[in-house]
Amino acid sequence: GVHYVFDTTIAADFSILESQREFVQRYQRRNQEEHALPMFASACPGWIRYAERVLTNLVTSHICTAKSPQQIMGSLVKGYFARQQNLSPDKIFHIIVAPCYDKKLEALREDFYTALYNSQEVDCVLTSGEIVQIMEQRNVSMKDVTEVAVDSLFSEIKEGDIVRHDGKRSDGYLEHIFKHAAKELFGMDVKEITYKALKNKDFQEVTLEKDGETVLRFAAAYGFRNIQNMVLKLKKGKFFYHFVEVLACPGGCLNGKGQAQTEDGKPDKALLNQMEEVYAAIPVRLPETNTHVQKMYQDWLEGMDSKKAQETLHTTYSAVNQTVSNLDIKW
């Protein structure tokens, strides 16, 4: 019963580009500002929620301010697309399909609500597992469904392509920011990234060397065990990473708790491997090469460094007082 289906990769384009720019700025300010580095990724709401409620100011000042792809998609649909369709934002009901229950709580954040139109940027989040349940309840099988192309946000194009970013189980923030920083800060073109697994496969690091010296040190930390170890090192002052791609789920977003699982509630490893193969087969498009994004920066956001771009594509994270609210659902 929906009128349009969009691919959220374009929102991730904006999120990655803004994260890249913010990292370079933080790196350049690292000697003047105590909290400039490390920078932590901001796309995972489970991690953000944990940071704001448990880790407080020790960590929140280090979180990248770029909105997640979900919330930038909210701005695109309720801002850019609504304007294209000559519709008030509250006349659009915007549903996101996500691999994660925490995305429901993210959509309810106060800073993602427009009082002028009494409208959330994202009205409803359904997990991929819930979509499967809805199909089962209606006796609809994937085999019975006709495959169609996704729609385009741009009026001059009717159908869009499904594309992805570098990265195997997420939007690849680490890879994109690493390559961008290597080029911008050190004039080095990095084609391939080599991950080095440390204590486990969900904690990996990537380094850049120049003239025999390590100039960039990035990490990917997936799952709460690795997040807690990371925070422990930060507290002890023994944290040497410049950027960390943090995801709450072991195995990353493809292994999100909202995905279809086995009957005993455990992740389906065979299905996860299958999804990785399907995801890897999707063509990669770099955010920098998306001409629509560049055009929208100018036409919709009034330039890359404008106040409108800052307000539309960024948010703030801060320690939250531990008050029990109806949103604190134990998933």
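Me: Is D166 buried or exposed in this predicted model?
Reply: Happy to start there. Buried means under 20% relative accessible area, exposed over 50%, and partly exposed in between (1.4 Å probe, protein chains only). D166 has 16% relative accessibility, so the residue counts as buried.

Me: Before we go on, what does the model leave out, and which pLDDT do local features need?
Reply: Residues are numbered from 1 along each chain as its sequence is written, and side-chain values use heavy atoms, with hydrogens and water left out. This is a predicted model in which totals for chains, interfaces and linings use all residues, side-chain atom pairs count only at pLDDT 80 or more, and local features need pLDDT of at least 70.

Me: Which side chain does D166 meet in a salt bridge?
Reply: A salt bridge here is a side-chain nitrogen of Lys or Arg within 4 Å of a carboxyl oxygen of Asp or Glu. D166 sits in the loop between strand 7 (159-160) and helix 7, and the pair links distant parts of the chain, 13 residues apart. Helices (H or I, at least four residues) and strands (E, at least two) are DSSP runs, numbered from the N terminus. The N to O distance is 3.3 Å, and the partner is K179.

Me: Why are D299 and K295 separated by about one helical turn, and how far apart are N and O in their salt bridge?
Reply: Both residues belong to helix 10, and because they are four residues apart there, about one helical turn separates them. D299 is partly exposed at 46% relative accessibility, while K295 is exposed with 52%. Their side chains meet with an N to O distance of 2.9 Å.

Me: How many salt bridges does the structure hold?
Reply: Side chains of opposite charge can pair when their charged atoms come close. One of the pairs is R109 with D111, at 3.4 Å between the closest N and O atoms. E18, R21 and D305 are linked in a network. The total is 16.

Me: What is M230 in contact with, leaving aside its neighbours within four places in sequence?
Reply: Contact means heavy atoms within 4.5 Å. With those neighbours set aside, the residues touching M230 are F40, W47, A221, F239, V244 and V246.

Me: Which peptide bond is cis?
Reply: Most peptide bonds are trans. P38 lies in the loop between helix 1 and strand 1. Omega is near 0° for the bond from L37 to P38.

Me: What is phi of N139?
Reply: Most residues other than glycine have a negative phi. N139 is in the loop between helix 6 (128-137) and strand 6 (150-151), and counts as exposed at 69% relative accessibility. Its phi is positive, near 55°.

Me: What radius of gyration does the protein have?
Reply: The radius is taken over C-alpha atoms, and the globule rule is 2.2 Å times the number of residues to the power 0.38. With 331 residues, a compact globule would come out near 20 Å, and the protein agrees, at 20 Å.
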